[in-house]
Amino acid sequence: MTRDRHDEARELIALGEGLADAKQAWLRAHLDECEACRNYAEAADGVVRALRSLPLAADSRLVRATQMRVRFHAGRLRESRERLWLVGMACLGVGLSATLTVPLLWRLFAWMGAWAGVSSWVWQAGFAFFWIAPTLVVSAVLLARGTHLSNSHLGGNGEKQWR
Amino acid sequence: MNAVAYCFMNAMESEASAIARGLRRRDPDLLDRLIEQYQHRLLRYLVYLSGDRELAEDLFQETWIRVLERGHQYDPKYEFSTWLYAVARNLTIDYLRKKRPVSLEGLMEDEEHAPRPSQLEPADTRPMAWEVVQQHEQAERISAALIGIPVEYRETVVLRFQEGLALEEIATVTGAKLGTVKSRLYRGLNLLMSRLKGAQA
């Protein structure tokens with residue numbers, strides 16, 4: 001019997017259950033004839049049983065606190081997703097309406113420019129301002145009151161933070 | 001026998017698929033059920049991985065928050081518990097790296113962070129009786145031996161013998177090769193046995 005066979009047997013013992021049939025048979029045969037490995041197997045079995053009997057449990061307060069925190073966070077994620085969906089839909093609506101109305105507005109500004117007798121760069125500048133003004137106003141309002149990103153779940157909402 | 005095994009596998013697959021669907025929907029009732037179902041197993045794993053009950057409880061909560069946020073990444077071809085342990089493990093490593101810039105392996109020599117066995121006591125306290133005291137002492141002895149072994153061996157031993165994961169599942173959770181898992185298990189068990197023998201002597 002070489003040292004390698006003992007090592008192999010002990011490695012198989014350490015792997016626990018679920019060995020292939022052939023390996024299990026080889027191990028049984030080896031244990032029948034080797035007292036040292038049999039003792040090792042018994043000691044390993046004792047340690048594994050002791051490990052499995054370790055009484056470590058989560059207490060119910062931790063479970064309840066976790067469930068509440070997860071529900072709260074799920075609500076925030078849902079809100080944030082709904083907001084994102086609304087913003088997406090609004091962008092889509094604006095994009096579509098812009099595509100449809102730009103040619104008409106351009107003609108309207110050209111007609112108004114001709115009617116007022118101003119040069120073309122004046123009515124074109126008016127058109128550009130008219131086009132940009134709503135974006136500027138909305139940006140200013142959002143900056144003033146804060147966007148949804150500033151009060152997201154990333155911090156400062158009373159949730160438990162890392163120590 | 002094969003038919004029984006087939007039915008069992010099918011049931012497991014359909015349960016994993018149901019969990020995956022629920023996680024994609026961020027179904028709070030499903031999460032409540034999963035938290036209850038895995039409470040003891042997950043906490044035990046985190047306690048032995050981090051070596052600190054208080055930290056493990058924080059990581060327990062963070063793990064479920066991450067499960068909620070990244071539930072869509074769960075692949076139902078794996079057991080849910082395997083994915084859950086992997087999430088918990090990554091969080092623990094991230095936390096420990098942030099707290100002090102060492103690798104998981106670096107904890108091996110870090111005696112300062114070896115927890116006292118009393119930190120691993122069960123939360124549940126029962127009326128004192130001789131048998132309970134004896135069991136308690138034995139549990140402390142085993143806990144002390146377990147937390148005394150290097151973290152990668154400890155993790156493998158806990159996943160295998162306490163949580164009952166298959167070797168392939170441990171490899172998935174830890175991202176290690178199957179051969180590495182086997183050798184960690186062998187060395188971990190040997191270290192644990194020698195520490196217990198030392199404690200008895």
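I take a nonpolar core to be a set of buried Ala, Val, Leu, Ile, Met, Phe, Trp, Tyr and Cys residues joined through C-beta atoms within 7 Å, a residue being buried if 20 or more other C-beta atoms, placed from the backbone, lie within 10 Å of its own. The model is predicted, so local features need pLDDT of at least 70 and side-chain atom pairs pLDDT 80 or more, while totals for chains, interfaces and linings use all residues. Residues are numbered from 1 along each chain as its sequence is written, and chains are lettered from A and ligands numbered from 1 in the order written.

I looked up the largest nonpolar core and found 64 residues, with L42(B), L84(B) and A88(B) among those with the most contacts inside it. α2(B) gives the most to this core, 11 residues (helices are DSSP runs of H or I, at least four residues, numbered from the N terminus). Leaving out residues up to four places away in sequence, I see L84(B) touching Y38(B), L42(B) and V67(B) (contact: C-beta atoms, placed from the backbone, within 7 Å).

Next I checked α3(B) against α4 (residues 80-99) of chain B: their axes, lines fitted to C-alpha atoms over the stretch in contact, come within 9 Å and cross at roughly 120 degrees. I noted that the contact includes L59(B) and V67(B) of α3(B) and L84(B) and A88(B) of α4(B).

Finally, I looked at the contact between the chains, which takes 39 residues from chain B and 32 residues from chain A. On the side of chain B that touches chain A, the largest share, 10 residues, comes from α2(B).

How values were computed:
Contact = placed C-beta atoms within 7 Å. Helix = DSSP H or I, 4+ residues; strand = E, 2+ residues; numbered from the N terminus. Axes fitted to C-alpha atoms, helices over the stretch in contact; angles between N-to-C directions. Buried ≥ 20, exposed ≤ 12 C-beta atoms within 10 Å, placed from the backbone.
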